[in-house]
Amino acid sequence: MRETTRVAIIGAGPAGLTLALLLRRNGIDCVVLERRARSYVEQRQRAGVLDHHATRIFDQAGLADEILTGAPAETLLELRYDGSPHFLDVPSLAGGRPSRSLPQQLLVRRLLAAVGDVRFEAREVALHDLTSSRPRVTYTDADGGSHEIACSYIAGCDGFHGVSRRSIPSAAVTTYEFDHGIGWLTLLADAPPPRYPLMAISSHGYAAQFARGPAASRFYLQFFADDPLAWPSSYVWDQLRLRLGDPSLPTGTITDREVVEMRSFVTEPMAYGRLHLAGDAAHIITPMGAKGMNLALSDAATLAAALIDGSPGALEAYSSSCLARTWDAQEFSRWFTEMVHDAGIADPFRRKLARARFERLFRSPPAAAAFADLMSGTDY
Ligand code: RFL
């Protein structure tokens with residue numbers, strides 16, 4: 001089957017769906033191809049915070065009711081150091097710019113409902129003629145039918161393992177990779193969430209606890225040499241109690257366990273011919289600072305604005321404006337990563353630096369304001 005559209009979007013994650021929604025609401029025709037089934041996409045649990053910059057994307061597009069309803073504004077952030085609590089009022093420090101708590105799977109469900117038509121279970125997606133004025137996408141549907149879509153632009157929103165970035169000749173891009181040398185066990189548990197997002201720094205290693213709805217928590221636990229997926233639940237809870245400095249931490253059924261290796265990756269430029277990459281397809285970042293999903297949404301909004309504008313200049317500026325924001329977030333995430341993990345490393349000099357970095361946040365109002373500005377999402 002052959003058809004035409006203005007924009008072919010590969011991937012129905014936060015980036016692809018936000019792009020599709022913004023384009024369709026502005027009268028631009030697009031087709032969204034997703035490799036997975038709808039039920040899988042709707043249930044994939046990952047991020048939980050929309051920073052203020054990302055919430056503004058939906059506000060400014062008149063989509064706040066559809067997308068943000070009921071998502072509570074974040075208030076305080078707790079940084080616990082060796083069991084001793086310290087609080088930062090991030091929204092106030094950032095000049096009244098609160099982030100909102102919205103689990104990624106709920107955001108994706110709302111986006112799917114607002115976007116409407118998405119083609120799930122699209123297999124063997126392939127991109128063709130990217131440097132021509134009429135690129136094409138081919139794919140096979142769930143029943144084995146072959147399809148070809150001719151379009152003006154392709155948006156590669158298919159995540160880090162997708163096909164879009166791999167369709168660019170390697171000589172046309174530069175990639176930057178960094179392994180932070182840190183691993184986390186991440187858990188979802190039916191355990192009461194903390195009152196405020198909680199990050200705990202200790203010589204036993206980093207731990208954190210965040211709300212995932214009214215009765216569930218996501219926990220993070222840094223691991224060192226052994227395989228944390230083999231840890232018995234009793235050991236997991238012992239370690240959480242120790243590092244969070246909370247001997248009476250309420251436990252619950254662990255519903256999911258995953259290992260996260262802290263890696264960063266950036267592709268430059270984020271475009272090749274008529275293909276534009278957005279979100280994890282172009283860059284990944286450590287979860288410190290919670291910027292992954294937010295960068296994906298910001299890319300989508302920038303790309304939508306350029307496609308709506310339609311001028312060659314707007315599309316040419318897409319990559320550099322997204323990369324500036326991406327590197328800013330990478331630097332913040334690395335800075336934050338060192339601050340909360342270096343208390344557990346062998347090097348005493350770096351342990352002292354990390355402690356000084358932490359204390360500066362509570363001694364210096366401009367330092368706290370700069371931190372809060374980055375947490376809330378810089379408005380550029
Ligand atoms: P996604 O969400 O990976 O979506 C890409 C979509 O493309 C589909 N796809 C294909 N479709 C068609 N053809 C192909 N060949 C395809 N290949 C792939 C996939 O099935 C998928 O539906 O990318 P997107 O839209 O760029 O969004 C990025 C975010 O999902 C990601 O940055 C965040 O989840 C990262 N992340 C976090 N970000 C935050 O902002 N705050 C957090 O607290 C946070 N926590 C996390 C995270 C990521 C995690 N994992 C597992 C990677 C916690 C975890 C555990």
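A residue counts as buried when its relative accessible area is under 20%. Phe 219, with a relative accessible area of 0%, is therefore buried. The model is predicted, and a search of the whole structure finds 16 aromatic pairs in it. Two of these pairs, one ring cluster and two charge-over-ring contacts are set out below.

**Phe 219 and Trp 237**
- Phe 219 and Trp 237 form an edge-to-face pair, with 5.4 Å centre to centre and 85 degrees between the planes.
- The pair links distant parts of the chain, 18 residues apart: Phe 219 belongs to strand β15 (residues 217-223) and Trp 237 to helix α7 (residues 233-244).
- Trp 237 has a relative accessibility of 7% and so counts as buried, and Phe 219 is buried at 0%.

**Trp 335 and Phe 371**
- The ring centres of Trp 335 and Phe 371 are 6.1 Å apart and the planes lie at 45 degrees, so this pair is tilted.
- Because Trp 335 is in helix α9 (residues 312-341) and Phe 371 in helix α11 (residues 365-376), the pair ties together parts that are 36 residues apart in sequence.
- Phe 371 has a relative accessible area of 3%, which means that this residue is buried.

**Ring cluster**
- Trp 184, Tyr 206, Phe 210 and Tyr 220 are linked into a cluster by ring pairs.

**Charges over rings**
- Arg 36 places its charged end over the ring of Tyr 40, at 4.0 Å from the ring centre.
- The ring of Tyr 81 has the charged end of Arg 355 over it, 4.0 Å from the centre of the ring.

How values were computed
Residues numbered from 1 in each chain as written. Predicted model: local features only at pLDDT ≥ 70, side-chain atom pairs only at ≥ 80, totals over all residues. Heavy atoms only, no water. Phe/Tyr/Trp six-rings, centres within 6.5 Å; stacked < 30°, edge-to-face > 60°. Helix = DSSP H or I, 4+ residues; strand = E, 2+ residues; numbered from the N terminus. Buried < 20%, exposed > 50% of the residue type's maximum accessible area, 1.4 Å probe, protein only. Lys NZ or Arg CZ within 6 Å of the ring centre and 35° of its normal.
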